[in-house]
Amino acid sequence: MSRRIGPPVQIAVALVAAAVVAVVAFLALAPGPAGRQQGKALVGGPFELVDQRGETVTDQDLRGRYALIYFGYTYCPDVCPTSLQTMSAAVDLLGSAGDRVQPVFITVDPARDTVEQMALYAANFHPRLLALTGTEAQVAGAAKAYRVYYQRVDDSASTEYLMDHTSLYYLMGPDGEYVTHFGHDVTAEEMAARIRDVIGAG
Ligand code: NI
């Protein structure tokens with residue numbers, strides 16, 4: 001990712017943006033007073049996108065396995081690469097049970113994240129990572145289904161732009177229902193342990 005790292009101001013903007021997004025996301029998804037799983041009925045739903053091989057992928061294609069889903073963008077200078085490494089490591093830590101978990105990366109920046117760009121980027125992470133892009137409308141639909149916030153942030157000092165975005169991981173069940181989510185600061189070990197609990201792997 002070093003070739004993507006911009007000037008210091010760009011990194012500073014990204015860090016501040018990531019912090020704001022994390023707080024907003026936490027407030028939006030924190031469990032309610034009675035421990036109600038407020039996200040259960042709210043997160044997830046139909047989407048239609050295109051994977052890094054150019055094949056159409058819908059939410060139905062993820063049925064039958066758990067899906068670990070993260071929204072971000074390939075030009076992200078810091079948070080997304082770390083998150084995708086964490087997600088990939090967690091799936092590997094599960095050993096053979098990891099085969100029951102499909103890691104999924106969905107871009108919030110389809111203008112730059114073409115199918116070709118997603119293929120190049122995904123190759124840096126898990127070999128089974130499904131990297132999804134689409135039209136602006138398709139991406140907006142997927143983000144809405146998962147209650148993911150994203151916003152383009154222009155930087156007058158650069159020709160490139162950043163994207164503010166929710167940085168949570170969502171674990172969806174084989175039935176497509178929301179199971180749980182993880183904050184961006186979760187470790188691979190913590191994530192793997194929680195997933196192991198959920199999927200009942202020994
Ligand atoms: Ni990011």
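Buried means under 20% relative accessible area. The model discussed here is predicted.

Q: Is Ser-83 buried or exposed?
A: Ser-83 belongs to helix α2, which covers residues 79-93. The limit for a buried residue is a relative accessible area under 20%. Because the relative accessibility of Ser-83 is 2%, this residue counts as buried.

Q: With which side chain does the side chain of Ser-83 make a polar contact?
A: Leaving aside neighbours within four places in sequence, Ser-83 is in contact with Tyr-70 and Tyr-169. A polar contact requires a pair of N or O atoms within 3.5 Å. At 3.1 Å, the side chain of Ser-83 makes such a contact with the side chain of Tyr-70.

Q: Which protein residues are the donors of the nickel ion?
A: The spacing of the donor residues in sequence is C-x3-C-x84-H. Distant parts of the chain are linked by Cys-80 in helix α2 and His-165 in strand β7 (residues 161-165), which are 85 residues apart. Both Cys-80 and His-165 are buried. At 2.1 to 2.2 Å from the nickel ion, the donors are Cys-76 (SG), Cys-80 (SG) and His-165 (NE2).

How values were computed:
Residues are numbered from 1 along each chain as its sequence is written. This is a predicted model: local features need pLDDT of at least 70, side-chain atom pairs count only at pLDDT 80 or more; totals for chains, interfaces and linings use all residues. Side-chain values use heavy atoms; hydrogens and water are left out. Helices (H or I, at least four residues) and strands (E, at least two) are DSSP runs, numbered from the N terminus. Buried means under 20% relative accessible area, exposed over 50%, partly exposed in between (1.4 Å probe, protein chains only). A polar contact is a pair of N or O atoms within 3.5 Å; within protein, one must be able to donate a hydrogen and the other to accept it, and residues adjacent in sequence count only if both atoms are side-chain atoms. Contact means heavy atoms within 4.5 Å. Donors are N, O and S atoms within 2.8 Å of the metal (3.2 Å for Na, K and Ca); water is not among the atoms, so sites may look incomplete.
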